[in-house]
Amino acid sequence: MGHPIKVLLVEDDPFWRERLAEDLSKEPDIAVVMAAATKEEALQAGNSMDIDVVLMDINLTENQLDGLEITRELTLASKAAVKIIMLTSLTEREVIIKSFQNGAVNYINKSNFEDIAVAIREASSNLASIHPDAAFAMREEIRLMQLTPSEREIHDLKEKGFSRTEIAALLHKSMNTIKTQVRSIRNKLMK
């Protein structure tokens with residue numbers, strides 16, 4: 001067996017940080033080289049240490065989604081193309097999509113922590129499959145990519161519960177325009 005996979009764990013919650021570090025230390029081919037609790041520690045370690053995979057919590061500061069920012073910064077600065085796996089309790093589609101847009105290779109909910117070692121091995125080998133926690137959101141986002149920006153705006157407002165009348169008023173469009181675009185959206189998204 002070669003060198004162990006070097007992992008940077010970025011997690012502000014002491015319970016999760018200790019639990020994950022302890023669980024991963026039982027894996028003979030994985031070494032947690034550092035457990036960072038803050039954005040500053042994560043960026044410093046990511047930029048100065050030899051790391052293969054980063055396990056990144058999304059909220060390091062109360063609901064700030066700063067893990068997304070760190071992911072972007074580490075992805076841009078990474079000379080060795082570090083692989084970042086988001087590890088979070090968040091399930092919102094927008095957060096999942098933004099994670100991948102910022103450079104993450106996978107996204108796992110903390111409730112599925114038993115899948116983390118496999119995800120680390122896959123990421124390290126450039127074989128990262130998308131965990132089921134993120135797959136639905138990614139499939140849905142790909143479907144929505146066929147909408148024009150205007151249609152996407154209307155679709156998102158409808159998803160938030162706005163009526164056609166409210167959407168027309170919000171977007172300063174006629175009801176006929178909204179009806180036409182809703183019909184186009186429906187036609188594009190039908191299987």
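Modeller: Let us begin with burial, for which a residue counts as buried when its relative accessible area is under 20%, as exposed when that area is over 50%, and as partly exposed in between. Please keep in mind that this is a predicted model. Of the 191 residues of the protein, 41% count as buried.

Biologist: How many helices and strands does the protein have, and what pattern does the protein follow along the sequence?

Modeller: The protein has nine helices and five strands, and when they are read along the sequence they give the pattern β-α-β-α-β-α-β-α-β-α-α-α-α-α. Taken along the principal axes, the C-alpha atoms fill a box of roughly 65 × 35 × 30 Å. Among contacts between residues at least 6 apart in sequence, 62% join residues at least 24 apart.

Biologist: Which residues are buried in helix H3, and what covers them?

Modeller: Helix H3, residues 66–77, has twelve residues and reaches 16 Å from its first C-alpha to its last, which is close to the 16 Å expected at 1.5 Å a residue. Its buried residues are Asp 66, Gly 67, Leu 68, Ile 70, Thr 71 and Leu 74. What covers these buried residues includes helix H2 (39–48), strand S3 (53–56), strand S4 (83–88) and helix H4 (93–101).

Biologist: How should I read the angle between two helices, and at what angle do the axes of H7 and H9 cross?

Modeller: In general, angles of 65 to 115 degrees count as roughly perpendicular. The axes of helix H7 (residues 149–159) and helix H9 (residues 175–189) come within 10 Å and cross at roughly 90 degrees, and therefore H7 is roughly perpendicular to H9. On the H7 side the residues are Ser 150, Glu 151, Ile 154, His 155 and Lys 158, and these meet Ile 178, Gln 181, Val 182, Ser 184, Ile 185, Lys 188 and Leu 189 in H9. By class, this contact of H7 with H9 has five nonpolar, four polar and three charged residues.

Biologist: At what angle do H7 and H8 pack?

Modeller: H7 and helix H8 (residues 164–171) pack at about 130 degrees, with their axes 10 Å apart, so H7 is oblique to H8. The crossing of H7 and H8 is right-handed. Glu 153, Ile 154, Leu 157 and Lys 158 of H7 make the contact with Ile 167, Leu 170 and Leu 171 of H8, and the residues of this contact divide into five nonpolar, no polar and two charged.

Biologist: Where are Asn 126 and His 172 found, and are they buried or exposed?

Modeller: Asn 126 is found in the loop between helix H5 (116–124) and helix H6 (132–144), and it has a positive phi of about 60 degrees although it is not a glycine. Asn 126 is exposed, with a relative accessible area of 57%. His 172 lies in the loop between H8 and H9 and has a positive phi of about 55 degrees, although it is not a glycine. His 172 is exposed, with a relative accessible area of 73%.

Terms used: Residues are numbered from 1 along each chain as its sequence is written. This is a predicted model: local features need pLDDT of at least 70, side-chain atom pairs count only at pLDDT 80 or more; totals for chains, interfaces and linings use all residues. Side-chain values use heavy atoms; hydrogens and water are left out. Axes are lines fitted to C-alpha atoms, for helices over the stretch in contact, and angles run from 0 to 180 degrees between N-to-C directions. Helices (H or I, at least four residues) and strands (E, at least two) are DSSP runs, numbered from the N terminus. Angles under 35 degrees count as roughly parallel, over 145 as roughly antiparallel, 65 to 115 as roughly perpendicular and the rest as oblique. Contact means heavy atoms within 4.5 Å. Ala, Val, Leu, Ile, Met, Phe, Trp, Tyr, Cys and Pro count as nonpolar, Asp, Glu, Lys and Arg as charged, and the others, Gly among them, as polar. The expected span of a helix is 1.5 Å times one less than its number of residues. Buried means under 20% relative accessible area, exposed over 50%, partly exposed in between (1.4 Å probe, protein chains only). A crossing is left-handed if the near helix is turned anticlockwise from the far one by less than a right angle, and right-handed if clockwise.
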